[in-house]
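Colleague: I have a model open and want to learn to read it. Can you take me through its features one at a time?

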Amino acid sequence: MISVLKIIFHLTPFSQTSLSLKECSTYKLLNESNRAETYNPTSFIHLCDRTLFGWYRFSGEAGFKMAEHCVSKGRCGTFAPGWLSGTHPTLAEGAVEREVCFHWFAWRSDCCLFSTFIKVRNCGKFYVYKLRPPPVCSLRYCGNGLFKKGEKFSNIKIHAILIQLLILF
């Protein structure tokens, strides 16, 4: 009986099954509707994630996780939307390294012209991502959310976009 307990403990160590990991409780939210992979603005905007650093969780209108397929150019409120190349980890895998590809808005279609590596953790009911600024501006991490066509920008969203544009120039 003792040897069976050792095997079970060895296969499922506490550190990998515990949901009390710091990153699963201390993260920032990415919940903007213009971060959804289906968001297609009528006038072109190019938001940038150059200030993101640390653990983040997708939620709300952005979706519940990062997109897992090549997102169309010009979506997610930017030139080059970012998507997870590969699958999301299982709970048992812990924090894993994954490549994020950016579909560049240029003369040629390249689903992974730019890329960066991030950490991803399955926290049981959601995923968290240890993000870093993308390699260049006009690249943005996209969620799997579905944008509602009738939605209007709020004054807060317009203000945030204007601030980002002012920083760029």
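Predicted model: local features only at pLDDT ≥ 70, side-chain atom pairs only at ≥ 80, totals over all residues.

Colleague: What average pLDDT does the protein have?

Modeller: pLDDT is the predictor's confidence in each residue, from 0 to 100. The protein averages 79, and 72% of the residues score at least 70. Over residues 1–18 pLDDT stays under 50, and the model has six contacts (heavy atoms within 4.5 Å) for them beyond four places in sequence. Residues 151–169 also stay under 50, with 19 such contacts.

Colleague: How many aromatic pairs are there?

Modeller: Rings of Phe, Tyr and Trp (its six-membered ring) pair if their centres lie within 6.5 Å; planes under 30 degrees apart count as stacked, over 60 as edge-to-face and the rest as tilted. By this rule there are four. One of them is Phe 58 with Tyr 129, edge-to-face at 5.3 Å centre to centre, with 85° between the planes. Phe 58 sits in strand E2 (residues 54–58) and Tyr 129 in strand E6 (residues 127–131), 71 residues apart, so the pair links distant parts of the chain. Strands here are DSSP runs of E, at least two residues, numbered from the N terminus.

Colleague: Is Phe 58 buried or exposed?

Modeller: Buried means under 20% relative accessible area, exposed over 50%, partly exposed in between (1.4 Å probe, protein chains only). Phe 58 is buried because its relative accessibility is 1%. Tyr 129 is buried too, at 0%.

Colleague: Which residues have the most contacts inside the largest nonpolar core?

Modeller: A nonpolar core is a set of buried Ala, Val, Leu, Ile, Met, Phe, Trp, Tyr and Cys residues joined through side-chain atoms within 4.5 Å. The largest has 18 residues, and Met 66, Ile 118, Tyr 129, Leu 131 and Tyr 141 have the most contacts inside it. A second, separate core of six residues includes Ala 67, Trp 83, Cys 101 and Cys 142. Beyond four places in sequence, Met 66 touches residues including Phe 58, Trp 83, Ile 118 and Cys 142.

Colleague: Where does Thr 116 lie?

Modeller: Thr 116 is in strand E5. Thr 116 is buried, because its relative accessible area is 9%. Its contacts beyond four places in sequence include Val 100, Phe 102, Pro 135 and Tyr 141.

Note on methods:
Residues numbered from 1 in each chain as written. Heavy atoms only, no water. Helix = DSSP H or I, 4+ residues; strand = E, 2+ residues; numbered from the N terminus.
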